Amino acid sequence: NQLIGDLPSGLFTLHQLEKLYLDDNDLHGFLPEELGDLMNLQDISLHGNQFSGPLPKSIGKLQRLTRFWANGMFLSGQLPDEIGDMTSLRALYIEENQLVSTLPYEMGNLEQLQDLRIYGNVITGNIPSSFKKLVNLEVFYMDSCQLSGGLTDFVVRSWVKMRDFQAFGNNFNGDIPSGFEDLPNIEVINLANNRFGGRIPQNIGKSGKLLSLNLRSNRLTGTIPSSLAMSTDILSIILSENDINKDGSSGISGQIPEFMGDLQKLKILKLHQNRLQGEIPENLTGMTDLGHFTTHDNFLQGKVPNGFCDAGNPTKTRIHLNELTADCGKPGEIECSCCTQCFSSSLPASPRKGTGKG
């Protein structure tokens, strides 16, 4: 529709109203406190309008509400503590607004919540310990906020139904919780662009359901976990840029595991800017869907396997490969006749400087 203007006051006298869909119009103004008078509401969809100002505290009276869409607008201010009174809520979409807030402790009372999306706001502080009660949570999108502190292991372990966890672009630090290892339904973990250190949990992916792992641009150390071999349907592994300062103070080490060649559905494998050594395994050319494979700014040696580069020995891998990088910019470094971009590194102990961007 093309509705414009403020919400009419008569709307809030419809006390038996159960569903209110006003999305993708040009409505504006504040959300009034009278919104809480519609206590029989089960669904509210307001996204794609021009509403601004704070969420009214009266939303706590909407205790039958199961879905609340208020994303992509200009809402501001803090999340009210009363949001924790919406105890029937299953989906809360308030992403891409202008909220400046912490996460209220009372949100832990939303025990029916399955889908929580608050990304693209300024959300500071920690994830409250009360979030351990969100045992039905399946989707968690809290990326591009300013959350900080550590992810608490006992909170993560409680999210036994979690499928899709995305908290990239925050300021989390400490270790990645080992609780991620024990989530039986986890498919997506994206913790890129944080400040995590220590080792990658050594049993991550053991459920066999992991489809995407992105730990780019942290300060991780240790080796690539062998447990990833159990996630045979995985599509994307991004572990790049963990030698974040290119000074050896962090970075994933050891060798590229041969088991990765058995991950036949893998499309993206990004390992650049770490401390990896040894040669690139020959059997990686068996990943016939691989489209992106980056290895530059490591301490790898030898050559990129013939299956990637030998025109006389074509493989299905070469058909899909759009990005292939290595430290092949100087004589004596890795041999690669088909890399889409060659970088130069100074081996073995000096900080390395790339000649390109990536």
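## Disulfides

C336 and C339 are both buried, where buried means under 20% relative accessible area, exposed over 50%, and partly exposed in between (1.4 Å probe, protein chains only). A disulfide joins these two residues, C336 and C339, with 2.1 Å from S to S; the term covers a pair of cysteine sulfur atoms within 2.5 Å. At 105 degrees about the S-S bond, the C336 and C339 link is right-handed. This is a predicted model, so to speak of local features we need pLDDT of at least 70, and side-chain atom pairs count only at pLDDT 80 or more, while totals for chains, interfaces and linings use all residues. Residues are numbered from 1 along each chain as its sequence is written, and side-chain values use heavy atoms, leaving out hydrogens and water.

The count comes to three disulfides. C309 is bonded to C338, S to S 2.0 Å, and the torsion of about -70 degrees makes this disulfide left-handed. C309 sits in helix α2 (residues 306–309) and C338 in the loop between β25 (323–326) and β26 (341–342), 29 residues apart; helices (H or I, at least four residues) and strands (E, at least two) are DSSP runs, numbered from the N terminus. C309 is buried at 13%, whereas C338 is partly exposed at 26%. A further disulfide joins C328 to C342, S to S 1.9 Å; with a torsion of about -100 degrees, the C328 and C342 link is left-handed. Numbering the bonded cysteines of the protein chain in sequence order gives the pairing 1-4, 2-6, 3-5.

## The sheet

Which strands build the open sheet, and in what order? There are 10 strands, ordered β1-β3-β5-β7-β9-β11-β13-β15-β17-β19, with parallel pairing. Strands β1 (4–5) and β19 (219–221) are the edges, each pairing on one side only. Two strands pair if DSSP finds at least two bridges between them.

Within this sheet, β9 (residues 98–102) and β11 (residues 122–125) pair in the parallel sense over three bridges. T102 has T124 in β11 as its bridge partner.

## Aromatic rings

There are eight aromatic pairs: rings of Phe, Tyr and Trp (its six-membered ring) with centres within 6.5 Å, stacked if the planes are under 30 degrees apart, edge-to-face if over 60 and tilted for the rest. F165 lies in strand β14 (residues 164–166) and F180 in the loop between β15 (171–175) and β16 (188–190), 15 residues apart.

F165 is buried at 0%, and F180 is buried at 1%. F140, W159, F165 and F180 form one aromatic cluster.
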